[in-house]
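This briefing concerns the contacts between and within the chains of the structure shown below.

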Amino acid sequence: MIQDDIKKISGVNPYKCMKCGKCSASCPSFNEMDIKPHQFVSYVLNDDIDALLKSESIKQCLSCFACVERCPRDVKPGNLIDTVRQMVVRKRGAELLSPEEVTQLLDPELPQQLLVSAFRRYRR
Amino acid sequence: MSIENKEFKPKIVAFCCNWCSYAGADLAGSSRLAYPADVKIIRVPCSCRVNPMFILRAFEKGADGVILCGCHPGDCHYSTGNYYTRRRMSLLFSMLDYIGVENGRTRVEWVSAAEGVKFSTTMNDFAKTIHSLGENVRLGDIRCKN
Amino acid sequence: MQELITRGKELLADGSVVGILGWKEGDFSYNPEPAFFQNEEELDKFIYDGFCGANLSKFMIEASKKEGKTLVFLKPCDTYSFNQLLKEHRIDREKAYIIGVGCSGKLSLDKIKEAGVKGIQKITEEEDKIHVETLYGDKTLNRSDVLLDRCHVCKGKEHRIFDEIIGESKETNDKDKFSEVEAIEKMSSEEKFLFFQKELSKCIRCNACRNVCPACSCRKCVFDSNKFDSAQKVNTNSFEEKMFHIIRAFHVAGRCTDCGECSRVCPEGIPLHLFNRKFIKDIDELYGEFRAGEDAETVGPLTEFTFDDAEPQEAVERG
Amino acid sequence: MQRIGVFVCHCGSNIAATVDVERVAQYALLEPGVVHAEDYQYMCSEAGQMKIIEAVKEKNLTGIVVCSCSPRMHETTFRNAAKRAGINPYMVEIANIREHCSWIHKDKEEGTEKAVILARAAIAKVNLNTPLVPGESRVTKRALIIGGGIAGIQTALDIADAGYEVDIVEKTPSIGGRMSQLDKTFPTLDCSACILTPKMVDAAAHEKINIYTYSEVDKVSGFVGDFTVDIRKKARSIDMDKCTGCGVCSEKCPMKKIPSEFNRGLGNRSAIYTPFAQAIPNVPVIDRENCIKFKTGKCGLCSTVCQAGAIDYEQEDEIISEKYGAIVVATGFDTIKLDDFDEYAYNQSKDVITSLELERVMNAAGPTKGHLERLSDGKHPEEIVFIQCVGSRDVTCRGKEYCSKVCCMYTAKHAMLIRDKYPDVNVTVFYIDVRTPGKNFDEFYRRAVEEYNVNYVKGQVGKVAPMENGKLLVQGVDLLDNRQILKEADMVVLATAIEPEAGVRKIATMLTASIDTNDFLTEAHPKLRPVESPTAGVFLSGVCQGPKDIPETVAQAGAAAVKAIGLLAKDKLLTNPCTAQADELLCNGCSTCANVCPYGAIAYEEKEINDHGIRETRRVAAVNTALCQGCGACTVTCPSGAMDLQGFSNRQILAEVDAICR
């Protein structure tokens, strides 16, 4: 079951969520996301994984983990997004950035955070 | 495992203090949180009532594991009882380990009246350990007389 | 020795004491035994030499019940036991006049015999040497080779309690007291079991260990009372030995002064001190160093606690 | 030899479904001493008890084993039945075959086998039971209330009205507690001070009530009916008898810039101060840490201006030792610290405040004289955002996992009051759930929305950031709209979680009262004994037991008072007979048992002993059964086994061990 895989890899128990929305309230990329951070939890709960795999949100997430930090129930929705993204990345494989490419993509305007999250995202 | 290949049914004695752990066991019961029937509970007023003699006697009579449950340190109904328990059992268990009794046959666990879940998981876990250790022969009646 | 006798006679004569706890010659010159002297004539049999290992403090329990004071001779290590008994109100300080006697290590007859010496007639001591006259000629041994085990882990030359001191003492400490315990701790569970099974299987439940132990001073031992259904079970149940020795060690944990008398007197040669020393080691490591009998006030480690003591599981696994 | 009757309860199908009760009874008959065994539908029913009574009479039973539910449930029931049948109540033992057996095992074979063994253990124990007779202890007809908030005041008034002496110990300089800091109360919106002050005055004026303010409990010893408590009256530096409460000293005090505790640090007070105008007693106190006289030895202005000559710089803490029959804990609560909640900018902006601080802001006697204004610049706000569940329902280390219960209602109250007084102010409330169980509570909340048009948003706030224009940028989420909201607010009010007052753990330890992981005191039974602590003679009033609002607190205060009165009305109490006992013949007099006794119940005496013909005076332990609570610590520490515990004797427990391991 892909749902179980997600739970296992992310370590997230979606049943712990009390639907307070703190994750979405904290999210800097909220407006760019089609499926909002808090929805990730309920999507996993409802086993609608396909929608998540196709979601734009996994590319928009900055992996800043504000949602993980601030979640009062210790659900860690950011880890879910990360996990789904990993599943997509692993599937596609070829689109991985190599470390050499990263240096070429650098420019002074690039936010530090993006760089850090790029490494977070692609290191696995 | 005995020779007849019968299933090993360990004997486990659990000493529970009246105020926390016994109530925790009650809560496990009313919450229907199962644990093996091998565990039999003896009620004592406080974990500090448990004399090392009781534990050794249980082993003498064929127990395979003995677990002692009391209030969490700081929560003892008699305020200090479990602190004494902690020292006494630390020394006793260390001694049992020293003379070659498998570590794991004895345990102290703090279970409050509200921790029905903890009581059940503790007992399941302990029973599992005893199962894996098998029958207690070392502390049983097996002196080799030359 | 003469000085001790003279002083004893003086104290008897001026009425400061009514009796004297000391040692007198036994069946052989080299195995003196504890004795109670009540007058000058008896004192002529008084002896104090390298074989006076026996700890006299426990005899003060009975002596405390007498009218008047008793003079008791204590070696430095004996004073620990005396203090411990004092702490437990088993003896009365007012009833004892303590002369701290000098000690430079006591001798083990067993070790002399183990060294191949037979037909012993007479033994004389020098500073570092022991001369043995035997039926087969004279022999000389190194003192340090024939010391009692406990002298190798000597607690020091200081008397912890006394009224006066006669004679010089010397520290004979040359071994780590926990090395034997550590060696066992390093064994596998199976090895430990076999080791203790072998040793404890020798036990004949003669109770010599219990009778000699200054900490085992109960009027009636639990193993003799009906309180635990454990009385008179000596030979009905072989588990008893294990139970007996663990419980005995547990009951004296935090009270045992590590005097080693239990091992010294065991007719089967069971190293019983290994139980006590394991507890002492655990107590030192878990609750801070504690030496029973250093004084007569400090409460024992099993009758106190701290809020952040180790959990039993940690205590066992710290290994 | 005992003659034992074994009674196996079906408990309807609770036991009978997984335990073959008939077989348990049959097997029981094979045990030594058992002369009667039967099973019945409901042993605890009157008919069931009659069966026990009849069997006792018919078969001359001397002991009873009931195989039923937990002894914590019905031990007393069956002991009483034994008493009715004419045998000693302590000749009853319970085999717990419900909670410890039928309810946790599904297999009937397995359940039955275990039930048989549990019955066997109980039978083995009863064989060694001896009749026990409870002792008697006296009841001091005086109650102590720890905490002088509304809970403590109400309990004190109720107990005092019943005719008993009551002492209140309050650690701050005045009684009144948190309620005195509130502006209005929900759902009626009446003024908090207007309803509290009369009660404070009543308590102060009551001839049976004695109030120790600026005092703390130092030491508690004794037991139910006979506690001895040391109360530390901290040095107030004022002679309370001389002070007229004129207030000149505070007025003239040159040290005026000390944050006022009463105003939650939003306003200032002087070094010699009365916390608030209606304080009781109306006697100031010198805060020695901030007083110039105490710090430098100079000043002494207050002493100069005091016409009554009441100032006493030499005053010292005074310890009062008093005896009490009952103790009520009413220590109340505080709000949690917000240091870990950086995202709300509480420590960065003066305009982010807690709800309790807002109470002071809204109060006419508060730092802004009741005007709603931004604390940073005194400007009138246009946009106010309320955030609920700040630290409540939070399982991380930052917060508290419980619901603080009062926040939904006071937030609705605040929103409504602001919209009522200042219709131009926009009010937004971010909530997770709105919880309004209570009389007229939901109606109240709906009025806030429907009549006062408070904007309730289902969602949380992720971030509050101070902006350059002095406003606060609030980034929240509207979960129903599935959109993020950005709001420029003038003020942000945090519905901060409440937690038990800091000193409660120390007090609980002194009282040996149990306390849970959140530091709330535990009740003797969560449903059936909600205002009693498991420690006899200790009662719980107010938030110290769990979050609650004012009407609930007052109701619980009354209930605690009734329980205390019920105790104080008795002249004598029966004491637990399961106490330690020293066997004089075995005792060495070594004092180790006294070292571990938490109650100081063991004393030593020189006693003439006849030990099988040997007569001698020995030092032996003697247990004061009125003090002994029966923990058994002494029994294990005693090397000779001279100490034993009645009802849980060494031989009884060993018999149980043997029966289980057989």
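This is a predicted model: local features need pLDDT of at least 70, side-chain atom pairs count only at pLDDT 80 or more; totals for chains, interfaces and linings use all residues.

**Aromatic pairs and chain contacts**

Over all chains, the count comes to 24 aromatic pairs. One of them joins W19(B) and Y78(B), and this pair is edge-to-face because the ring centres lie 6.3 Å apart and the planes stand at 80 degrees.

**Chain C with chain B**

- In this interface, 53 residues of chain C are in contact with 41 residues of chain B.
- Chain C and chain B bury about 4400 Å² between them, and carbon and sulfur atoms give 61% of that area.
- The two chains share 3 salt bridges; one of these joins D97(B) to K192(C), whose closest N and O atoms are 3.4 Å apart.
- There are also 12 residue pairs in polar contact between chain C and chain B, counted with both residues at pLDDT 80 or more.
- Five helices of chain C, namely α7 (179–185), α8 (189–201), α10 (239–252), α12 (273–287) and α13 (312–317), each supply at least two residues of the side that touches chain B.
- By class, that side of chain C holds 28 nonpolar, 9 polar and 16 charged residues.

**Chain C with chain D**

- Here 20 residues of chain C are in contact with 23 residues of chain D.
- The area buried between chain C and chain D is about 1800 Å², with 56% of it on carbon and sulfur atoms.
- R219(C), K227(C) and T303(C) supply 36% of the area that chain C buries against chain D, more than any other three residues.
- R219(C) also takes part in a salt bridge with E616(D), with the closest N and O atoms 4.0 Å apart; the count between the two chains is 2 salt bridges.
- Polar contacts between chain C and chain D number 5 residue pairs, both residues being at pLDDT 80 or more.
- The side of chain C that touches chain D divides into 5 nonpolar, 6 polar and 9 charged residues.

**Domains within chain C**

- The domain assignment divides chain C into domain 1 (1–106 + 155–175), domain 2 (109–146) and domain 3 (176–319).
- The centres of domain 1 of chain C and domain 2 of chain C, taken over C-alpha atoms, are 26 Å apart.
- Their contact takes 9 residues from domain 1 of chain C and 11 residues from domain 2 of chain C.
- These two domains of chain C bury about 700 Å² between them, 50% of it on carbon and sulfur atoms.
- Y30(C), F51(C) and K170(C) supply 61% of the area that domain 1 of chain C buries against domain 2 of chain C, more than any other three residues.
- K170(C) forms a salt bridge with D128(C), the closest N and O atoms lying 3.9 Å apart, and the count between domain 1 and domain 2 of chain C is 1 salt bridge.
- Between domain 1 and domain 2 of chain C, 3 residue pairs are in polar contact, both residues at pLDDT 80 or more.
- The side of domain 1 of chain C that touches domain 2 of chain C has 2 nonpolar, 4 polar and 3 charged residues.

Technical notes. Residues are numbered from 1 along each chain as its sequence is written. Chains are lettered from A and ligands numbered from 1 in the order in which they are written. Side-chain values use heavy atoms; hydrogens and water are left out. Domain bounds come from an automatic or database domain assignment. Contact means heavy atoms within 4.5 Å. Buried area is the accessible area (1.4 Å probe) that two parts lose on being put together, summed over both. A salt bridge is a side-chain nitrogen of Lys or Arg within 4 Å of a carboxyl oxygen of Asp or Glu. A polar contact is a pair of N or O atoms within 3.5 Å; within protein, one must be able to donate a hydrogen and the other to accept it, and residues adjacent in sequence count only if both atoms are side-chain atoms. Ala, Val, Leu, Ile, Met, Phe, Trp, Tyr, Cys and Pro count as nonpolar, Asp, Glu, Lys and Arg as charged, and the others, Gly among them, as polar. Rings of Phe, Tyr and Trp (its six-membered ring) pair if their centres lie within 6.5 Å; planes under 30 degrees apart count as stacked, over 60 as edge-to-face and the rest as tilted. Helices (H or I, at least four residues) and strands (E, at least two) are DSSP runs, numbered from the N terminus.
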